[in-house]
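Good morning, and thank you for coming. Today I shall present one protein chain, beginning with a question about its packing and then turning to its overall form.

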Amino acid sequence: MNSPYHIDQNPHKGNRGLTRAWHAAKNSWCGLVYAFLEESAFRQELTLFVLLTPIAAVLPITLLEKSLLISSLMMVLVIELLNSSVEAAIDRISFEHHDLSKRAKDFGSAAVMIALFIASLIWAAVCIPLIP
C-alpha cells in the first residue's frame with residue numbers, strides 16, 4: 001500500500017511568498033505566449049477581445065455593462081486556455097485515437113462554444129437597446 005501524500009514530497013512546492021508569486025507569474029506569462037504562438041483559436045479569440053474591448057469602452061453604457069461586456073470576452077479566453085490545456089495533456093499521453101481522448105477534447109471544445117454563446121448573448125442584451 002502506498003504511503004499518504006505529503007506536500008514535502010513534491011519538488012515543485014518548495015517556493016513560498018513572493019518567490020512563489022514570481023514563479024507563478026513567469027509560468028502564467030509562458031502559458032500566454034505558448035497559447036498565442038501555438039493555438040490559432042486563442043489568437044482568433046484574442047483578436048476578438050482586442051477589437052471589441054475598445055468598443056465596449058466607448059459605448060454610452062454604465063460601468064457595470066462595460067464590465068460585463070469585457071468580462072464575457074475574458075471568459076472566452078480563459079475557457080480557451082483550459083481547453084488547450086486539456087488538449088495538450090491528452091496529446092502528451094498519446095496521439096493515438098481513443099474514444100475517451102476524443103470525448104475529453106470535445107468537452108473542452110463545447111465549453112468554448114458555450115462561452116462564445118454567453119458572450120454573444122451578453123453583447124446582444126447590452127447593445128441591442130442602444131440601436132434607435
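Predicted model: local features only at pLDDT ≥ 70, side-chain atom pairs only at ≥ 80, totals over all residues.

Against which helices do the buried residues of H3 pack?

The protein chain contains four helices and zero strands. Read from the N terminus, the order of elements is α-α-α-α. The radius of gyration is 19 Å, whereas the globule rule gives 14 Å for 132 residues, so the chain is more spread out than a compact globule. Along the principal axes, the C-alpha atoms fill a box of roughly 70 × 45 × 30 Å.

Let us now consider helix H3. This helix covers residues 63–93, which makes 31 residues. From the first C-alpha to the last, H3 reaches 45 Å, close to the 45 Å expected at 1.5 Å a residue.

Several residues of H3 are buried, including Leu 69, Leu 73, Val 76, Leu 77 and Glu 80. An α-helix has 3.6 residues a turn, so residues three or four places apart point the same way.

The buried residues of H3 pack against helix H2, residues 40–58, and helix H4, residues 99–127.

Finally, I turn to the chain as a whole. Of its 132 residues, 19% count as buried. Among contacts with a separation of 6 or more, 63% join residues 24 or more positions apart. The accessible surface comes to about 9900 Å², and 69% of this surface belongs to carbon and sulfur atoms. As for charge, the mean positions of the 10 positive and 11 negative charges lie 8 Å apart.

Key
Residues numbered from 1 in each chain as written. Heavy atoms only, no water. Helix = DSSP H or I, 4+ residues; strand = E, 2+ residues; numbered from the N terminus. Rg over C-alpha atoms; globule rule 2.2 N^0.38 Å. Buried < 20%, exposed > 50% of the residue type's maximum accessible area, 1.4 Å probe, protein only. Contact = heavy atoms within 4.5 Å. Areas by Shrake-Rupley, 256 points an atom, 1.4 Å probe, with all protein chains shown as cover. Lys, Arg positive; Asp, Glu negative; His and termini not counted. Charge placed at Lys NZ, Arg CZ, Asp CG, Glu CD. Expected span 1.5 Å × (residues − 1).
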